[in-house]
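Welcome! Work through these exercises with the structure open beside you, and try each task before reading its solution.

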Amino acid sequence: MAPAVSRFKPSFWLLLVLFLLVWAVSAACAVALGAIAVPPHELARVLLGGANPTDPALAGIATIVWQVRMPRVLLGGLCGLGLAVSGVAWQGVLRNPLADPYLIGASAGGALGAAAAILFGIGGNQPYAVPLLAFVGSLAAVAIVYRLAHQPGRGLAVDRLVLAGVAVSAFLSACLSLAMLARSESFTRLYFWLIGGFSGLGWSQLALLAPYVGLSLLGIAYFTPRLNLLQMGEETAHGLGVHVERDRRWVIALASLLTAAVVSVCGMVG
């Protein structure tokens, strides 16, 4: 028996449209404001004219808007969307409203992977070295936590998952502190990465992040009805056709992939 697909109420679509309008207004303000303010009428002309406007007077403004501000604004929205959906997925899996994407060591693993690239020069000076090692570190940390929380014959224990996540995060944070002490001369660069942000990022990072976020969002959306049924209890969900262990494993993998992708590109921005 397949779980029933939930239908969204009209109020949901009304709120969705409202939030999208709020985001569009805030994004326009973020693009217009800065060290060089862009008046609304010029911003409209640049957005409608594309990255290469025919008016030479708008060439400089178009460069600022399309090459500097626009990719960072879109990255900010994409990262916020990814972390929000990942948090909802974790709350659904753990049945705990306080759960968050960094609960099981994804951020600590990503930080340690980035530290290996920055402090010890792993990957050389290649621009993809830090995001790649951060991504690998995040997924490796999640894999370790999942293995520790898995009980033979009983499957995944949610309480052990949380405890294992806290323990692995603490251990990886200690390793990060030790690495920073060993290579204090590179501390500044790593510090700014740990803070997180979008400085220096552009269209290439957006293109790198978008496929991971898009696929993860589609996957989590597919499992949303099952997560709703899981809130009623594992036995009830199983009786309604939910394969609890398998679906929980898939949601954990998708939420972890989503968090790891965001952390690898934007640092520990959460």
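**Exercise 1.** Is R246 buried, partly exposed or exposed? Then find its salt-bridge partner.

*Solution.* This is a predicted model, and the values here are computed from it.
- Step 1: R246 has a relative accessible area of 39%. Buried means under 20% and exposed means over 50%, so R246 is partly exposed.
- Step 2: The salt-bridge partner of R246 is D247, with 3.4 Å between the closest N and O atoms.
- Step 3: D247 has a relative accessibility of 5%, so D247 counts as buried.

**Exercise 2.** How many salt bridges does the structure hold, and how many residues apart are R249 and E245?

*Solution.* 
- Step 1: There are 3 salt bridges in the structure. One of them joins R249 to E245, with the closest N and O atoms 3.4 Å apart.
- Step 2: Both R249 and E245 belong to helix α10, and they are 4 residues apart, about one turn of the helix.
- Step 3: Compare how the two partners are placed: R249 counts as partly exposed at 37% relative accessibility, whereas E245, at 19%, counts as buried.

**Exercise 3.** Which residues touch the most other members of the largest nonpolar core, and which helix supplies its largest share?

*Solution.* 
- Step 1: Recall that nonpolar side chains tend to be buried together in soluble globular proteins.
- Step 2: The largest nonpolar core here has 57 residues, and W90, L94, L161, W193 and L209 touch the most other members.
- Step 3: Several helices supply at least two residues each, including α3 (59-94), α6 (158-182) and α8. The largest share, 11 residues, comes from α10.
- Step 4: Zoom in on L161. Leaving aside neighbours within four places in sequence, its contacts include W90, L94, V145 and I252.
- Step 5: Finally, look for another core, lying apart from this one: it has 13 residues, among them V31, A32, I61 and V65.

Notes: Residues are numbered from 1 along each chain as its sequence is written. This is a predicted model: local features need pLDDT of at least 70, side-chain atom pairs count only at pLDDT 80 or more; totals for chains, interfaces and linings use all residues. Side-chain values use heavy atoms; hydrogens and water are left out. A salt bridge is a side-chain nitrogen of Lys or Arg within 4 Å of a carboxyl oxygen of Asp or Glu. Buried means under 20% relative accessible area, exposed over 50%, partly exposed in between (1.4 Å probe, protein chains only). A nonpolar core is a set of buried Ala, Val, Leu, Ile, Met, Phe, Trp, Tyr and Cys residues joined through side-chain atoms within 4.5 Å. Contact means heavy atoms within 4.5 Å.
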